[in-house]
Amino acid sequence: MCGRFTLTNTKNIKTRFNLRKLPDGEIKPNYNAAPSQTMPVITNHGDGNELELMRWGLIPVWAKDAGIGYKMINAKAETLLEKPTWKRPFKSQRCLVPA
């Protein structure tokens, strides 16, 4: 994923992704989403899809400062399962980012 993305079509997000739960408030379009911003993501914890608001960026367990999450937005597919920073999140902490 690149350093910025857009989320423009938020009107039919509930039906498009068969969501059982939405966060309070309206999901508004964002034409310049950047790392560290709170964005909607779709998760599934076994009982249906939910839309949750999460901060964009991965904060590794070893990080002493949450600011490192601003830099942790890209991973190479070729080495995803080799790098400790990405391995565990890839296997067990996945979500869908509407963009």
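The following legends describe an overview and several close-up views of a predicted model of one protein chain.

**Figure 1. Overall architecture of the protein chain.** The secondary structure of the chain consists of 2 helices and 5 strands. When the chain is read along its sequence, these elements occur in the order β-α-β-β-β-β-α. The C-alpha trace spans about 35 × 30 × 25 Å along its principal axes. Among contacts in the chain with a separation of 6 or more, 49% are made by residues 24 or more positions apart.

**Figure 2. Surface and interior of the protein chain.** The chain has 99 residues, of which 28% count as buried. Its accessible surface comes to about 7,200 Å². Carbon and sulfur atoms contribute 51% of that surface.

Figure 3. Glu50 is located in strand S5, which comprises residues 49–55. The relative accessibility of Glu50 is 10%, and buried residues are those under 20%; Glu50 is therefore counted as buried. The side chain of Glu50 is joined to the side chain of Arg20 by a polar contact of 2.4 Å. With residues up to four places away in sequence left out, Glu50 touches Leu19, Arg20 and Lys21, as well as Val41, Ile42, Thr43 and His45.

**Figure 4. The aromatic pair of Phe5 and Trp56.** The chain contains 1 aromatic pair. The ring centres of Phe5 and Trp56 lie 5.1 Å apart, and the ring planes meet at 75°. Planes over 60 degrees apart count as edge-to-face, so the pair of Phe5 and Trp56 is placed in that class. The pair links distant parts of the chain, as its two residues are 51 residues apart. Phe5 belongs to strand S1 (residues 5–7), whereas Trp56 lies in the loop between S5 and helix H2 (84–92). Phe5 and Trp56 are both buried.

**Figure 5. The charged end of Arg16 over the ring of Phe17.** This view shows a charged side chain placed over an aromatic ring. The charged end of Arg16 is 5.1 Å from the centre of the Phe17 ring.

**Figure 6. The charged end of Arg94 over the ring of Phe90.** Here the charged end belongs to Arg94 and the ring to Phe90. The charged end of Arg94 sits over that ring, 4.3 Å from its centre.

Notes
Residues are numbered from 1 along each chain as its sequence is written. This is a predicted model: local features need pLDDT of at least 70, side-chain atom pairs count only at pLDDT 80 or more; totals for chains, interfaces and linings use all residues. Side-chain values use heavy atoms; hydrogens and water are left out. Helices (H or I, at least four residues) and strands (E, at least two) are DSSP runs, numbered from the N terminus. Buried means under 20% relative accessible area, exposed over 50%, partly exposed in between (1.4 Å probe, protein chains only). A polar contact is a pair of N or O atoms within 3.5 Å; within protein, one must be able to donate a hydrogen and the other to accept it, and residues adjacent in sequence count only if both atoms are side-chain atoms. Contact means heavy atoms within 4.5 Å. Rings of Phe, Tyr and Trp (its six-membered ring) pair if their centres lie within 6.5 Å; planes under 30 degrees apart count as stacked, over 60 as edge-to-face and the rest as tilted. A charge sits over a ring if NZ of Lys or CZ of Arg is within 6 Å of the ring centre and within 35 degrees of the ring normal. Accessible areas come from the Shrake-Rupley method with a 1.4 Å probe; for residues, only the protein chains shown count as cover.
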